[in-house]
Amino acid sequence: MFDHRHLLGIEHLSPTDIAAVLDRADTFATTPDSRAVRRDSLSGLTQINMFFENSTRTQASFEIAGKRLGADVMNMAMQASSIKKGETLIDTALTLNAMHPDLLVVRHPNSGAVALLAQKVNCAVINAGDGRHEHPTQALLDALTIRRRKGRLQRLTVAICGDIAHSRVARSNIMLLGKMENRVRLVGPKTLMPPGIEKFGVEVTDDMAAGLKDADVVMMLRLQRERMDGGFIPSEREYYHRFGLDAAKLAHAKPDAIVMHPGPMNRGVEIDGEIADDINRSVIQEQVEMGVAVRMAVLELLGEGRG
């Protein structure tokens with residue numbers, strides 16, 4: 001059972017809710033020698049993808065997910081929309097509501113904007129990332145990737161490394177992994193660590209060796225330069241020297257530790273190219289594949305009963 005009208009974040013999901021999404025997504029997950037799963041479960045429903053921020057992976061995977069389930073999918077180019085002419089977010093919501101969509105996928109640069117939209121429309125709303133707040137489907141696809149590779153999603157040690165302060169991916173993953181009884185370590189420079197983060201029940205360090213020690217999962221994050229309004233790091237070269245993932249730092253993790261990155265990657269800044277391409281350790285391409293499966297699961301669970 002998934003008894004939610006919207007998916008606005010991980011915060012309000014229970015471990016049972018998370019398992020329900022992952023179990024459904026598993027039925028959509030493909031293997032290298034299988035064809036993509038298709039259903040007509042959303043036939044007759046309308047899905048609108050409304051992205052106020054540029055996105056390639058997320059928007060494309062939501063579009064593919066909706067089409068594989070038989071939905072009528074429309075992408076709205078918000079950069080060229082009435083928003084540029086002064087229309088408010090609420091006016092846009094009311095206009096969309098008059099079109100009677102069934103599923104609305106929204107990415108917005110302001111934290112809380114998607115939740116505001118959800119209060120003004122009659123359809124199911126999915127948060128595809130809002131400001132520094134949350135990115136729930138990214139955390140869910142990360143969880144599915146971990147579960148499929150490790151065989152479980154409990155009692156693992158997960159190191160999340162890099163720009164924690166500006167990352168909605170980190171926030172959603174911290175909450176999800178904590179709900180599933182994992183040990184979470186945050187690793188990064190103090191300038192990129194949000195104040196009071198320890199209240200989430202995580203360990204915090206600015207030492208990569210200590211942070212990666214005996215880790216089962218190493219999750220690297222992108223430097224969110226578009227959200228930085230000051231000098232948070234001395235230079236990219238110095239950042240890579242201290243916090244970029246290379247073979248020497250990865251050696252502190254368990255021999256079978258997997259390496260993750262939500263993308264897009266800055267090679268030679270956050271992660272060494274050879275590590276990123278190591279088919280035995282890196283699951284970065286699997287994350288992309290699981291993204292479609294998880295978004296199919298979310299769309300179908302929220303769309304059930306709306307046809």
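Lysine 150 counts as buried because its relative accessibility is 17%; buried here stands for under 20% relative accessible area, exposed for over 50%, and partly exposed for anything in between (1.4 Å probe, protein chains only). The model you are looking at is predicted, so local features need pLDDT of at least 70 and side-chain atom pairs count only at pLDDT 80 or more, while totals for chains, interfaces and linings use all residues. Residues are numbered from 1 along each chain as its sequence is written, and side-chain values use heavy atoms, with hydrogens and water left out.

What does the side chain of lysine 150 meet in a salt bridge? The partner is aspartate 256, at 3.5 Å from N to O. A salt bridge is a side-chain nitrogen of Lys or Arg within 4 Å of a carboxyl oxygen of Asp or Glu. This pair links distant parts of the chain, 106 residues apart: lysine 150 sits in helix 5, and aspartate 256 in the loop between helix 9 (247–250) and strand 9 (258–260). The helices (H or I, at least four residues) and strands (E, at least two) are DSSP runs, numbered from the N terminus. Aspartate 256 counts as partly exposed because its relative accessibility is 48%.

Let us stay with helix 5 for a moment. Arginine 149 forms a salt bridge with glutamate 286, and their closest N and O atoms are 2.3 Å apart. Again the pair links distant parts of the chain, with arginine 149 in helix 5 and glutamate 286 in helix 11 (residues 284–303), 137 residues apart. Arginine 149 has 31% relative accessibility, so it counts as partly exposed. Glutamate 286, at 25%, also counts as partly exposed.

Another salt bridge joins arginine 147 and aspartate 26, whose closest N and O atoms are 3.0 Å apart. Aspartate 26 is in helix 1 (residues 15–28) and arginine 147 is in helix 5 (residues 136–150), so this pair ties together parts that are 121 residues apart in sequence. With 30% relative accessibility, aspartate 26 counts as partly exposed. Both residues also belong to a network of salt bridges that links Asp23, Asp26, Arg147 and Arg148. Why can such pairs form? Side chains of opposite charge can pair when their charged atoms come close. The structure holds 16 salt bridges.

Next, look at a set of residues taken from a record. In an unreviewed entry, UniProt lists Lys85, Arg168 and Arg222 for "binding site". From this set, Arg168 and Arg222 are part of the lining of the largest pocket. UniProt positions are given in the numbering used here, feature names are shortened, and annotations may be inferred rather than shown by experiment. On a 1 Å grid over the protein atoms alone, a pocket is an open set of points where a 1.4 Å probe fits, with protein on both sides within 12 Å along at least five of seven lines, and lining residues have an atom within 4 Å of a point.

Is arginine 168 buried or exposed? Arginine 168 counts as buried, because its relative accessibility is 6%. You can find arginine 168 in helix 6 (residues 168–179). Its side chain makes a polar contact with the side chain of glutamate 53, at 3.0 Å. A polar contact is a pair of N or O atoms within 3.5 Å; within protein, one must be able to donate a hydrogen and the other to accept it, and residues adjacent in sequence count only if both atoms are side-chain atoms.

Finally, turn to the backbone. Most residues other than glycine have a negative phi, and most peptide bonds are trans. Arginine 155, a residue other than glycine, has a positive phi near 55°. Arginine 155 lies in the loop between helix 5 and strand 5 (157–161), and it is exposed because its relative accessible area is 61%. Glutamate 181 has a positive phi of about 65°, although it is not a glycine. This glutamate 181 is in the loop between helix 6 and strand 6 (183–187), and with a relative accessible area of 55% it is exposed. The peptide bond from glycine 263 to proline 264 is cis, with omega near -10°. Proline 264 lies in the loop between strand 9 and helix 10.
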